Amino acid sequence: MKSATKNRKYQITKEVLKILGAAGLVAGILVFPSLAQAFELFDDTGPVRRYRKRDALRQLEKRKVLQISKHPGGIQIVLTEKGKRQLLRYQISDYQNSRPLTWDGRWWLVMFDIPETRKTVRDLIRWKLKRAGFVTIQKSVAVYPYPCHELIINLRNYHNLRPGELYVFEAKVLEGAEVLKKYFKL
(Lines give C-alpha, C1' and ligand atoms only; values in the text may rest on other atoms or scores of the structure.)
Protein backbone atom coordinates (compact mmCIF):
# COMPACT_ATOMS: atom_id res chain seq x y z
CA MET A 1 0.00 0.00 0.00
CA LYS A 2 2.85 2.39 0.81
CA SER A 3 4.50 1.88 -2.56
CA ALA A 4 1.22 2.65 -4.38
CA THR A 5 0.85 5.89 -2.40
CA LYS A 6 4.50 6.78 -3.01
CA ASN A 7 4.11 6.07 -6.75
CA ARG A 8 0.95 8.20 -6.90
CA LYS A 9 2.77 11.10 -5.17
CA TYR A 10 5.70 10.68 -7.55
CA GLN A 11 3.37 10.82 -10.57
CA ILE A 12 1.60 13.92 -9.26
CA THR A 13 4.93 15.64 -8.52
CA LYS A 14 6.13 14.75 -12.01
CA GLU A 15 2.90 16.07 -13.54
CA VAL A 16 3.11 19.34 -11.57
CA LEU A 17 6.73 19.95 -12.63
CA LYS A 18 6.05 19.11 -16.27
CA ILE A 19 3.05 21.43 -16.42
CA LEU A 20 4.99 24.23 -14.77
CA GLY A 21 7.84 23.61 -17.21
CA ALA A 22 5.53 23.57 -20.22
CA ALA A 23 3.64 26.65 -19.02
CA GLY A 24 6.50 28.94 -19.92
CA LEU A 25 9.07 28.69 -17.21
CA VAL A 26 11.78 29.97 -19.48
CA ALA A 27 12.38 32.65 -16.88
CA GLY A 28 11.37 30.21 -14.13
CA ILE A 29 8.45 32.29 -12.84
CA LEU A 30 4.67 32.07 -13.14
CA VAL A 31 2.24 34.54 -11.56
CA PHE A 32 -1.42 33.71 -10.85
CA PRO A 33 -4.16 35.85 -9.26
CA SER A 34 -4.66 33.01 -6.74
CA LEU A 35 -3.50 29.46 -6.13
CA ALA A 36 -6.89 28.29 -7.44
CA GLN A 37 -6.05 29.96 -10.76
CA ALA A 38 -2.80 28.00 -10.87
CA PHE A 39 -4.74 24.75 -10.66
CA GLU A 40 -6.68 25.61 -13.80
CA LEU A 41 -3.56 24.43 -15.64
CA PHE A 42 -4.21 20.93 -14.35
CA ASP A 43 -6.78 18.44 -15.57
CA ASP A 44 -8.72 18.04 -12.34
CA THR A 45 -10.93 15.00 -12.02
CA GLY A 46 -12.41 15.95 -8.65
CA PRO A 47 -11.69 17.51 -5.29
CA VAL A 48 -9.41 14.67 -4.17
CA ARG A 49 -7.21 15.17 -7.20
CA ARG A 50 -7.08 18.94 -6.58
CA TYR A 51 -6.07 18.34 -2.95
CA ARG A 52 -3.27 15.99 -4.02
CA LYS A 53 -1.89 18.57 -6.41
CA ARG A 54 -2.05 21.30 -3.78
CA ASP A 55 -0.28 18.93 -1.38
CA ALA A 56 2.30 18.14 -4.09
CA LEU A 57 2.98 21.87 -4.54
CA ARG A 58 3.48 22.26 -0.80
CA GLN A 59 5.82 19.26 -0.72
CA LEU A 60 7.80 20.60 -3.66
CA GLU A 61 8.11 23.92 -1.86
CA LYS A 62 9.23 22.14 1.33
CA ARG A 63 11.87 20.21 -0.67
CA LYS A 64 13.02 23.51 -2.23
CA VAL A 65 12.07 22.43 -5.75
CA LEU A 66 9.91 25.52 -6.16
CA GLN A 67 9.03 28.65 -4.23
CA ILE A 68 5.48 29.89 -3.75
CA SER A 69 5.08 33.45 -2.54
CA LYS A 70 2.51 36.21 -2.49
CA HIS A 71 3.08 38.77 -5.18
CA PRO A 72 1.32 42.12 -5.82
CA GLY A 73 -0.46 40.48 -8.76
CA GLY A 74 -1.36 37.29 -6.87
CA ILE A 75 0.63 34.11 -6.26
CA GLN A 76 4.11 33.68 -7.70
CA ILE A 77 5.53 30.21 -8.38
CA VAL A 78 9.26 30.08 -9.04
CA LEU A 79 11.04 26.93 -10.16
CA THR A 80 14.38 26.75 -8.29
CA GLU A 81 17.63 25.43 -9.77
CA LYS A 82 16.94 22.13 -8.00
CA GLY A 83 13.48 22.11 -9.62
CA LYS A 84 14.90 22.82 -13.07
CA ARG A 85 17.31 19.89 -12.70
CA GLN A 86 14.50 17.59 -11.56
CA LEU A 87 12.34 18.70 -14.51
CA LEU A 88 15.24 18.00 -16.91
CA ARG A 89 15.65 14.54 -15.37
CA TYR A 90 11.94 13.81 -15.98
CA GLN A 91 12.11 15.11 -19.55
CA ILE A 92 15.14 12.92 -20.31
CA SER A 93 13.65 9.78 -18.73
CA ASP A 94 10.32 10.26 -20.51
CA TYR A 95 11.81 11.19 -23.88
CA GLN A 96 9.51 10.00 -26.62
CA ASN A 97 10.50 11.16 -30.04
CA SER A 98 7.45 11.77 -32.18
CA ARG A 99 7.83 9.75 -35.32
CA PRO A 100 6.61 11.46 -38.48
CA LEU A 101 4.34 9.46 -40.77
CA THR A 102 7.07 9.27 -43.40
CA TRP A 103 10.80 9.18 -42.85
CA ASP A 104 12.64 12.05 -44.58
CA GLY A 105 15.74 9.94 -45.34
CA ARG A 106 17.98 11.79 -42.87
CA TRP A 107 20.02 10.26 -40.09
CA TRP A 108 20.87 11.96 -36.81
CA LEU A 109 24.30 11.14 -35.44
CA VAL A 110 25.13 11.90 -31.84
CA MET A 111 28.81 11.99 -30.95
CA PHE A 112 30.38 12.66 -27.61
CA ASP A 113 33.90 13.25 -26.39
CA ILE A 114 33.73 13.26 -22.61
CA PRO A 115 37.07 12.97 -20.76
CA GLU A 116 38.04 9.89 -18.76
CA THR A 117 37.76 11.91 -15.55
CA ARG A 118 33.98 12.05 -16.19
CA LYS A 119 33.56 8.38 -17.11
CA THR A 120 30.32 8.06 -15.14
CA VAL A 121 28.69 10.85 -17.16
CA ARG A 122 29.95 9.29 -20.39
CA ASP A 123 28.42 5.93 -19.46
CA LEU A 124 25.14 7.61 -18.45
CA ILE A 125 24.94 9.41 -21.81
CA ARG A 126 25.56 6.12 -23.61
CA TRP A 127 22.86 4.37 -21.53
CA LYS A 128 20.30 7.18 -21.99
CA LEU A 129 20.80 7.23 -25.76
CA LYS A 130 20.31 3.48 -25.94
CA ARG A 131 17.19 3.73 -23.78
CA ALA A 132 15.81 6.44 -26.10
CA GLY A 133 16.12 4.06 -29.08
CA PHE A 134 19.46 5.09 -30.58
CA VAL A 135 21.77 2.48 -32.11
CA THR A 136 25.39 2.61 -31.03
CA ILE A 137 27.73 2.35 -34.02
CA GLN A 138 30.89 3.13 -32.03
CA LYS A 139 31.40 3.60 -28.29
CA SER A 140 30.89 7.35 -28.57
CA VAL A 141 28.70 7.51 -31.70
CA ALA A 142 24.99 6.72 -31.88
CA VAL A 143 22.51 7.04 -34.74
CA TYR A 144 18.77 7.70 -34.89
CA PRO A 145 16.49 8.26 -37.91
CA TYR A 146 14.46 11.15 -36.46
CA PRO A 147 15.32 14.65 -35.17
CA CYS A 148 16.46 14.54 -31.55
CA HIS A 149 17.69 18.04 -30.68
CA GLU A 150 15.46 18.34 -27.61
CA LEU A 151 16.97 15.25 -25.98
CA ILE A 152 20.53 16.33 -26.73
CA ILE A 153 19.97 19.83 -25.34
CA ASN A 154 18.43 18.35 -22.17
CA LEU A 155 21.35 15.93 -21.77
CA ARG A 156 23.86 18.76 -22.20
CA ASN A 157 22.10 20.91 -19.63
CA TYR A 158 21.46 18.16 -17.10
CA HIS A 159 25.03 16.85 -17.13
CA ASN A 160 26.64 20.31 -17.39
CA LEU A 161 28.56 19.31 -20.49
CA ARG A 162 31.10 21.77 -21.82
CA PRO A 163 31.17 22.93 -25.45
CA GLY A 164 32.49 20.17 -27.67
CA GLU A 165 31.54 17.27 -25.41
CA LEU A 166 28.22 16.31 -27.05
CA TYR A 167 27.29 16.93 -30.69
CA VAL A 168 24.37 16.11 -32.95
CA PHE A 169 24.81 15.96 -36.73
CA GLU A 170 22.40 15.46 -39.59
CA ALA A 171 23.45 13.13 -42.41
CA LYS A 172 21.75 12.28 -45.68
CA VAL A 173 24.11 9.45 -46.60
CA LEU A 174 25.31 6.89 -44.08
CA GLU A 175 27.38 3.80 -44.74
CA GLY A 176 25.49 0.72 -43.60
CA ALA A 177 22.14 2.51 -43.88
CA GLU A 178 20.36 -0.57 -45.26
CA VAL A 179 20.99 -2.51 -42.05
CA LEU A 180 19.82 0.45 -39.97
CA LYS A 181 16.70 0.85 -42.12
CA LYS A 182 15.79 -2.77 -41.36
CA TYR A 183 16.48 -2.28 -37.67
CA PHE A 184 14.31 0.85 -37.45
CA LYS A 185 11.69 -0.69 -39.80
CA LEU A 186 11.88 2.18 -42.29
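## Terms and model

Angles under 35 degrees count as roughly parallel, over 145 as roughly antiparallel, 65 to 115 as roughly perpendicular, and the rest as oblique. Axes are lines fitted to C-alpha atoms, for helices over the stretch in contact, and angles run from 0 to 180 degrees between N-to-C directions.

This is a predicted model, in which local features need pLDDT of at least 70, side-chain atom pairs count only at pLDDT 80 or more, and totals for chains, interfaces and linings use all residues. Residues are numbered from 1 along each chain as its sequence is written, and side-chain values use heavy atoms, with hydrogens and water left out.

## Overall make-up

The protein has 7 helices and 7 strands. Helices (H or I, at least four residues) and strands (E, at least two) are DSSP runs, numbered from the N terminus. Their order from the N terminus is α-β-α-α-β-β-α-β-α-β-β-α-β-α.

Of the 186 residues, 39% are buried. Buried means under 20% relative accessible area, exposed over 50%, and partly exposed in between (1.4 Å probe, protein chains only). Contact means heavy atoms within 4.5 Å. Among contacts with a separation of 6 or more, 69% join residues 24 or more positions apart.

## The open sheet

An open sheet is formed by 4 strands in the order β5-β6-β4-β7, with antiparallel pairing. Its edge strands, β5 (135-138) and β7 (166-171), each pair on one side only. Two strands pair if DSSP finds at least two bridges between them. On average, neighbouring strands are turned by 30 degrees against each other, direction ignored.

Strand β4 (residues 107-112) pairs with β7 over 6 bridges, in the antiparallel sense. Phenylalanine 112 has leucine 166 in β7 as its bridge partner. Two helices lie across these strands. Helix α6 lies across β4 and β7, at about 165 degrees to β7.

## α6 and its helix partners

Helix α5 (residues 119-131) and helix α6 (residues 149-158) have axes that come within 12 Å and cross at roughly 155 degrees. The two are therefore roughly antiparallel to each other. Their crossing is right-handed. A crossing is left-handed if the near helix is turned anticlockwise from the far one by less than a right angle, and right-handed if clockwise. Ile125, Lys128 and Leu129 of α5 meet Leu151, Ile152, Leu155 and Tyr158 of α6. By class, this contact has 6 nonpolar, no polar and 1 charged residues. Ala, Val, Leu, Ile, Met, Phe, Trp, Tyr, Cys and Pro count as nonpolar, Asp, Glu, Lys and Arg as charged, and the others, Gly among them, as polar.

Helix α4 (residues 81-93) also packs with α6, at about 140 degrees and with the axes 10 Å apart. That makes α4 oblique to α6. This crossing is left-handed. Arg85, Leu88, Arg89, Gln91 and Ile92 in α4 meet Leu151, Asn154, Leu155, Asn157 and Tyr158 in α6. The contact holds 5 nonpolar, 3 polar and 2 charged residues.

## Two loop residues

Histidine 159 sits in the loop between α6 and β7. Its relative accessible area is 8%, so histidine 159 is buried. Beyond neighbours within four places in sequence, histidine 159 contacts Arg118, Val121, Leu124, Ile125 and Lys128.

Lysine 172 is in the loop between β7 and α7 (177-184). At 56% relative accessibility, lysine 172 counts as exposed. Leaving aside neighbours within four places in sequence, lysine 172 contacts Asp104, Gly105, Arg106 and Trp107. Lysine 172 and aspartate 104 are 68 residues apart in sequence, and 9.2 Å apart from C-alpha to C-alpha.
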